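Today I open a notebook page on how two chains meet. Come along as I look things up.

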Number of protein chains: 2
Amino acid sequence: MNKKITVIAGDGIGLEVTGITQNILEIIGERFGHQFEFTPALIGHAAIEATGEPCPQKTIDTCRATDAVLLGAVGMPMYDNNPNLKVRPEQGLLKIRKELGLYSNIRPIKLFDELLYTSSIKPEILQGSDIIFFRELTGGIYFGTPRERNEDGTEAIDTLRYSKMEVERIARQAFESAMTRRKKLCSVDKANVLESSRLWRETVQALSSEYPEVEVTHMFIDNAAMQLIRDPKQFDVIVTGNMFGDILTDEASQIAGSMGMLPSASVGNEIGLYEPIHGSAPDIAGKGIANPIASVLSGALLLDISFGLKEESDAIIGAVAQFLKEGYRTLDIATDETPEDKRMNTAQTGEKLAELLASVAV
Amino acid sequence: MNKKITVIAGDGIGLEVTGITQNILEIIGERFGHQFEFTPALIGHAAIEATGEPCPQKTIDTCRATDAVLLGAVGMPMYDNNPNLKVRPEQGLLKIRKELGLYSNIRPIKLFDELLYTSSIKPEILQGSDIIFFRELTGGIYFGTPRERNEDGTEAIDTLRYSKMEVERIARQAFESAMTRRKKLCSVDKANVLESSRLWRETVQALSSEYPEVEVTHMFIDNAAMQLIRDPKQFDVIVTGNMFGDILTDEASQIAGSMGMLPSASVGNEIGLYEPIHGSAPDIAGKGIANPIASVLSGALLLDISFGLKEESDAIIGAVAQFLKEGYRTLDIATDETPEDKRMNTAQTGEKLAELLASVAV
Ligand SMILES: [Mg+2]
Ligand SMILES: [Mg+2]
């Protein structure tokens with residue numbers, strides 16, 4: 001198979017972690033007889049520095065000329081505490097999602113048994129949790145207009161907007177996913193207060209008649225934020241809007257103990273984009289200590305969803321599982337009990353995973 | 001002291017739990033030589049049934065004629081799954097908050113040591129957590145207009161609106177509270193995406209110059225949802241908007257193991273309103289098994305904040321602590337290890353608390 005992949009390292013630790021993943025994908029290519037060609041592109045602070053724009057047209061064009069996108073991370077703290085800046089790294093993410101029609105953000109949350117202890121939640125509550133989130137990614141309050149200040153700057157508004165079409169297409173993906181899993185779908189909204197949530201609930205409810213085998217429940221966002229840590233095993237597939245999904249998936253990362261382990265896929269009309277759920281972690285950027293596993297697992301998701309290379313994807317996941325089984329720990333999940341020679345920085349993790357991949361049977 | 005209290009039982013278990021609290025407040029009155037006069041009023045489904053309105057004007061008038069309001073709970077499931085109903089119980093809550101100017105919802109989250117085990121979060125993560133939330137309650141997306149469908153019903157919008165004045169007045173309360181505590185204030189927003197959040201952050205930041213002793217941090221809502229369960233001890237005072245506060249405080253209830261233990265105060269320009277954070281729990285309503293402690297502790301908050309009766313308030317909290325210390329458990333927090341004679345239904349809990357109050361030294 002010959003495939004082209006755009007690699008958008010982005011900001012902070014993005015460069016370090018995508019470098020490891022690109023290497024892993026190259027090894028997979030060699031082992032399984034595929035040709036992957038990588039093209040770099042800019043986003044976020046890195047793109048603002050180089051072009052003045054958080055997501056230049058060239059980046060979009062590059063993505064469109066390839067078969068899938070691997071993204072690192074976006075964001076720098078210098079923007080966060082300066083609310084007056086009009087050009088911001090995160091706009092780059094919002095733009096690329098919108099331009100590529102990436103309306104569905106998919107986040108599997110499944111715990112490696114070796115990492116049960118890393119969570120602040122009790123192991124017996126966590127064990128066996130297996131949730132997949134479908135977060136709407138190009139609508140809702142992160143995109144709605146008007147979004148503005150009044151003339152004297154004393155008031156600001158944002159607009160939460162959803163159309164039936166937007167809800168339906170992501171709900172359909174979630175129903176389809178549920179059919180391949182435990183056939184349970186929980187839709188999260190705030191229908192007791194928000195008009196857009198009532199449209200959301202109505203639309204999901206109407207679609208459910210097409211999937212009579214799927215058991216559908218509706219949950220308010222405040223309750224969902226609570227239930228997710230009270231009893232995560234109750235969930236199978238969760239579908240929700242952009243902001244609610246942003247909040248719940250970050251919260252759910254605590255189920256997995258560390259953000260450093262969680263991949264995501266953003267899919268829609270055209271090509272898919274794959275990225276870790278963690279941010280750019282500027283505090284540790286350039287130190288070579290970031291955990292690259294979320295990015296590596298994003299590479300595995302890419303192979304699976306965009307290229308249909310299930311066996312190759314499983315080989316990567318298997319290497320990560322073996323890495324943990326042999327006691328290796330990246331620095332974010334190491335504990336006092338982790339021996340010195342099992343503590344792995346970014347490069348060491350990449351080398352060890354490459355080594356384990358080489359020993360995986362083809 | 002002579003004081004008048006409006007009692008709005010509301011829906012579901014509201015009637016059962018406020019009944020217990022009213023009784024406890026009467027006992028406090030006798031023991032400490034105060035005269036409390038109680039006046040009932042309607043809200044929610046109960047009010048819709050009786051008057052067609054979720055919060056009739058008479059309820060507002062009754063509240064205004066008294067010194068404080070004790071509320072039970074609002075909401076019935078029959079409305080949730082019928083998005084077409086125009087009159088909804090929750091509108092009653094929104095209206096009373098707006099009418100009485102209750103712009104600040106205060107939720108202390110502090111764990112009784114005996115209940116550490118009831119949470120899904122590890123005891124060592126929880127122990128020593130002591131957070132107080134200030135949630136803006138009368139602005140933001142739960143109130144903003146326009147909130148509507150387009151003509152053919154295929155699109156819906158809600159509006160998130162904040163003014164500097166709205167942010168400033170609740171931030172000031174939070175700063176004042178921080179000054180009496182560990183002097184740490186965390187403001188939660190989504191300033192990397194939302195215009196209203198940038199106004200929020202700017203306003204909190206500007207106010208901080210008046211409180212140089214308070215250490216101010218700003219956190220994005222998605223990160224906050226994660227940090228709250230990763231390391232709750234990092235927080236002292238949290239201030240945030242209406243919806244973010246709704247989500248975070250419900251999530252934080254898991255820190256306390258059960259919603260059945262958590263009181264809240266809503267204060268602003270006029271009189272204060274006190275209510276449990278739990279809902280109307282219609283599934284167990286009328287069975288006499290609801291945990292009335294959150295309501296009883298709301299009564300304690302009422303005495304403290306609205307009447308300045310600190311000693312009387314502490315007597316109630318002391319009785320609850322003693323109840324737990326003696327091994328009594330309401331049914332929501334009982335475990336397999338709780339002996340039969342220590343399992344307390346609603347009435348038994350009320351009697352036991354009354355008994356313990358009688359033995360508290362005045
Ligand atoms: Mg996020
Ligand atoms: Mg709530």
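My entries on the contact between the two chains follow.

**Ground rules.** I am working with a predicted model, where local features need pLDDT of at least 70, side-chain atom pairs count only at pLDDT 80 or more, and totals for chains, interfaces and linings use all residues. Residues are numbered from 1 along each chain as its sequence is written, chains are lettered from A and ligands numbered from 1 in the order in which they are written, and side-chain values use heavy atoms, with hydrogens and water left out.

**Extent.** I looked up contacts (heavy atoms within 4.5 Å) and found 60 residues of chain A touching 60 residues of chain B. The buried area (accessible area, 1.4 Å probe, that two parts lose on being put together, summed over both) is about 5,300 Å², and carbon and sulfur atoms give 59% of that.

**Salt bridges.** I counted eight between chain A and chain B, each a side-chain nitrogen of Lys or Arg within 4 Å of a carboxyl oxygen of Asp or Glu. One of them joins A:Glu202 to B:Arg149, at 2.9 Å from N to O.

**Who contributes.** Helices (H or I, at least four residues) and strands (E, at least two) are DSSP runs, numbered from the N terminus. The elements of chain A that give two or more residues to this side include helix 8 (195-207) and helix 10 (242-252). The largest share, nine residues, comes from strand 7 of chain A.

**Strand to strand.** I then checked pairing, which needs at least two DSSP bridges between two strands. Strand 7 of chain A runs antiparallel to strand 7 (residues 155-163) of chain B, over nine bridges. Here I noted A:Ala156 opposite B:Tyr162.
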